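Have the structure open while you read.

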Amino acid sequence: MNQNPSFTAETASLPMAVPASMASTWVPATLPSLVGRTRAGLIAALAEIGVPEKERRMRASQLWHWIYQQGARDWSAMTTIGKDLRMRLAAHFTLALPEVTSEQMSTDGTRKWLMRMAPTGPHDRGAEIECVYIPEVGRGTLCVSSQVGCTLTCTFCHTGTQRLVRNLTAAEIVGQLMVARLRLNDFPSQLGAHGTVPRNDDSRLVTNIVFMGMGEPLYNFESVRDAIEVMSDGDGLSLSRRRITVSTSGVVPQIAPLGQDVSAMLAISLHAVRNDLRDELVPLNRKYPIEMLMQACRTYPGVSNARRITFEYVMLKAVNDSDAEARDLVRLLKGIPAKINLIPFNPWPGTRYACSDWDRIEHFSDIVFRAGYASPVRTPRGRDILAACGQLKSETEKLSARARMILDDETRSNGAAMSDPSA
Ligand code: SF4
């Protein structure tokens, strides 16, 4: 929902929105942050400030340790790095994280953070995304976003009503985990919050990551891949790739690369067993129909009974919840090591769907379960703060992705024209 009805992408006049002086001289308001960078990104940063090549790998490991293992927020905490280098780092970089602009806590302990990213250009007022922490017995799951908005307009999804603004960078994705761990006092060095002893790895609060927030992660493949590389590094944030799940609505060409290059767990946002219905619920199905999707799942690298694919199925009253559809679902998944998550639909303002009745959900689940599939019904979490599945949607007004591209292109060409003496 746009909080400022007088300014929308539709009403913004592009030329008037860009003062020429601003377009050609824009510089970021703050120094770039090192938090969220890959090892290669840290090495590149050290090269930028003139650290000799033979030292860079070692210095990058030191930074890595302080940022990702200790959650250091201050250069002065990095005591294994000499004072001179710390001062040079501080002169060129920050340890900034996405800014938390709002935090809501559900009665069930679920927490939702609205996070604002640093502006990426003169026309970017700081994209906002949502990130949700869901505590459960013995584990805690962080649901992260991979894009600001989404292009895919799945009709049951609240996020799908927000247009795509841009892809998040790998650092911005990792930044969500960093913010969550810091706010939960989930770094070993954070004393006191959970008793008087330092935290150890066995008592970590964030144990699992799911890419089920805003956006289609396989439309932002490189950033998601690099973010998972940082999150799963054993010397840092140290989350097992088996505890990182990437959920796709069915971007078939990127499914095999996800298994090969990333080794993450795969989840499919399925929701229908017939193409005509899935075309409506998940419009991407018109491009990659169910048969293609199932074939990609059958051949997903590393799939086995120990590494099953999760199929998400939102329960929509009188739409996809009949006994016949439950039986068709079982037939469809034959031969695929699978588990099926049945998700009671979370209504949002303006939706055309309603949640299936509880006994219908149980009946559907029984049919699937008797066919030999785990079919847990996902307990709705964070309903009171609109943090449940499909409900994520930040409420900032924004320019459309296309409008921003036009404006940023204009800025670049203005800048190039000014700096090119031959122009
Ligand atoms: S379900 Fe996922 S892919 Fe579909 S609109 Fe929502 S955020 Fe986008």
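This is a predicted model: local features need pLDDT of at least 70, side-chain atom pairs count only at pLDDT 80 or more; totals for chains, interfaces and linings use all residues.

Let's start with strand 3 (residues 128–136) and strand 4 (residues 139–143), which run antiparallel and are joined by five bridges. Look for E136 and you'll find R139 of strand 4 as its bridge partner.

The two strands make a hairpin, with two residues between strand 3 and strand 4.

## Strand 4 meets strand 7

Strand 4 also pairs with strand 7 (residues 208–211), this time in the parallel sense, and three bridges hold that pairing. For a handy landmark, T141 stands opposite N208 of strand 7.

## Helix 11 against helix 12

Now over to the helices. The axes of helix 11 (residues 323–332) and helix 12 (residues 358–370) come within 9 Å and cross at roughly 30°. Angles under 35 degrees count as roughly parallel, so that is how helix 11 and helix 12 lie relative to each other. Their crossing is right-handed.

Which residues make the contact? On the helix 11 side they are D323, A326, R327, L329 and V330, and helix 12 brings H363, F364, I367 and V368. Sorted by class, the contact has six nonpolar, one polar and two charged residues.

How values were computed:
Residues are numbered from 1 along each chain as its sequence is written. Two strands pair if DSSP finds at least two bridges between them. Helices (H or I, at least four residues) and strands (E, at least two) are DSSP runs, numbered from the N terminus. Axes are lines fitted to C-alpha atoms, for helices over the stretch in contact, and angles run from 0 to 180 degrees between N-to-C directions. Angles under 35 degrees count as roughly parallel, over 145 as roughly antiparallel, 65 to 115 as roughly perpendicular and the rest as oblique. A crossing is left-handed if the near helix is turned anticlockwise from the far one by less than a right angle, and right-handed if clockwise. Two residues are in contact if their C-beta atoms, placed from the backbone, lie within 7 Å. Ala, Val, Leu, Ile, Met, Phe, Trp, Tyr, Cys and Pro count as nonpolar, Asp, Glu, Lys and Arg as charged, and the others, Gly among them, as polar.
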